[in-house]
Amino acid sequence: MQSFLLTLVLLATSAAAAEAKRPATPVHYSKPPPPDGMTYTVTCHAGKSPGGPVFLNHIGVAEAKQAMSSATQFVWNMFNQTHPGDRRNVKKIALFIDNMKGDTLDAYPGKNEIHVNANFLGKYKGNIRREFVGIVYHQVTRVWQWTGGKDREAPKGLLTGIAEFVRMEAHYGTSEKVKPGEGKQWDQGFGVTARFLAHCEKVKKGFVKELNKRMRYGYTKAYFVDILGKPVDQLWKEYKSKYPKY
Ligand SMILES: *[C@@H]1O[C@H](CO)[C@@H](O)[C@H](O)[C@H]1NC(C)=O
């Protein structure tokens with residue numbers, strides 16, 4: 001039993017050492033984001049599981065904070081929320097790297113918090129920093145976006161779709177994962193809904209910003225008619241008909 005444990009410790013240590021040697025691939029911000037008056041905190045709860053060293057060696061606390069700030073400013077610009085009165089009253093966003101079940105991409109927003117699965121980062125084979133920044137853009141959008149409120153909450157799929165749309169606009173992913181025209185329904189969520197929202201943006205530029213703004217005080221499908229002149233189901237049909245192979 002003891003030698004079994006020792007082997008585990010040695011395996012974990014050599015995995016960490018191999019990780020440390022992997023060359024870091026920088027994320028190319030055009031420039032560091034200007035100060036935004038926010039507080040960002042980053043806490044790694046991954047301990048010695050492989051995701052911990054991968055996060056600390058290849059991304060790190062400073063870069064994670066920079067990603068949160070850069071994402072916040074991107075969202076404010078995109079949603080046209082440059083005045084504090086236009087946005088949720090958030091002064092601090094706390095990010096946690098947690099060991100969650102399994103090693104798939106698992107991340108969720110809490111109350112002004114972001115939780116990311118360390119095991120996913122530990123197993124990720126591609127450009128880990130770009131992927132991480134993409135996850136941050138998605139989750140930071142979840143923190144800032146309007147959701148319709150308690151009684152008139154928007155569909156979850158629309159909320160994740162808007163977050164993924166923002167990530168896609170920032171060029172940090174989705175395009176590789178979900179192609180235009182894919183999916184079964186407009187509010188399926190994530191990349192499928194993001195692609196559909198990109199189509200709606202072609203119908204009318206600024207649609208997502210306008211939709212988010214209205215969702216401050218509730219949500220109704222009628223917003224699609226109000227802003228785009230057509231029901232969402234018709235927009236979805238028109239969108240799907242452009243991509244017969246799906
Ligand atoms: C942005 O919001 C301001 C009000 O805060 C408004 O006057 C302006 O027209 C909006 N711009 C766009 C492009 O939506």
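**View 1. Crossing of helices H6 and H7 in the predicted model**. Helix H6 and helix H7 cross with right-handed geometry. H6 spans residues 156-169 and H7 spans residues 190-203; their axes come within 7 Å and cross at roughly 70 degrees. Angles of 65 to 115 degrees count as roughly perpendicular, and H6 and H7 are therefore roughly perpendicular to each other.

**View 2. Residues at the contact of H6 with H7**. The H6 side consists of Gly-157, Leu-158, Thr-160, Gly-161, Ile-162, Glu-164, Phe-165 and Met-168. These meet Phe-190, Gly-191, Thr-193, Ala-194, Leu-197 and Ala-198 of H7. Sorted by class, the contact has eight nonpolar, five polar and one charged residues.

**View 3. The four-stranded sheet**. The sheet is open, with strand order S1-S2-S4-S3 and mixed pairing. Strand S1 (39-44) and strand S3 (107-109) are the edge strands, each pairing on one side only. On average, and with direction ignored, neighbouring strands of the sheet are turned by 15 degrees against each other.

**View 4. Pairing of S1 with S2**. Strand S2 covers residues 92-98 and pairs with S1 in the parallel sense, over six bridges. Cys-44 has Ile-97 in S2 as its bridge partner.

**View 5. Helices lying across the sheet strands**. Helix H3 (residues 60-78) lies across S1 and S2, and its direction is at about 140 degrees to S1. Helix H5 (residues 128-144) lies across S2, S3 and strand S4 (113-117). The angle of H5 to S3 is about 25 degrees.

How values were computed:
Residues are numbered from 1 along each chain as its sequence is written. This is a predicted model: local features need pLDDT of at least 70, side-chain atom pairs count only at pLDDT 80 or more; totals for chains, interfaces and linings use all residues. Two strands pair if DSSP finds at least two bridges between them. Helices (H or I, at least four residues) and strands (E, at least two) are DSSP runs, numbered from the N terminus. Axes are lines fitted to C-alpha atoms, for helices over the stretch in contact, and angles run from 0 to 180 degrees between N-to-C directions. Two residues are in contact if their C-beta atoms, placed from the backbone, lie within 7 Å. Angles under 35 degrees count as roughly parallel, over 145 as roughly antiparallel, 65 to 115 as roughly perpendicular and the rest as oblique. A crossing is left-handed if the near helix is turned anticlockwise from the far one by less than a right angle, and right-handed if clockwise. Ala, Val, Leu, Ile, Met, Phe, Trp, Tyr, Cys and Pro count as nonpolar, Asp, Glu, Lys and Arg as charged, and the others, Gly among them, as polar.
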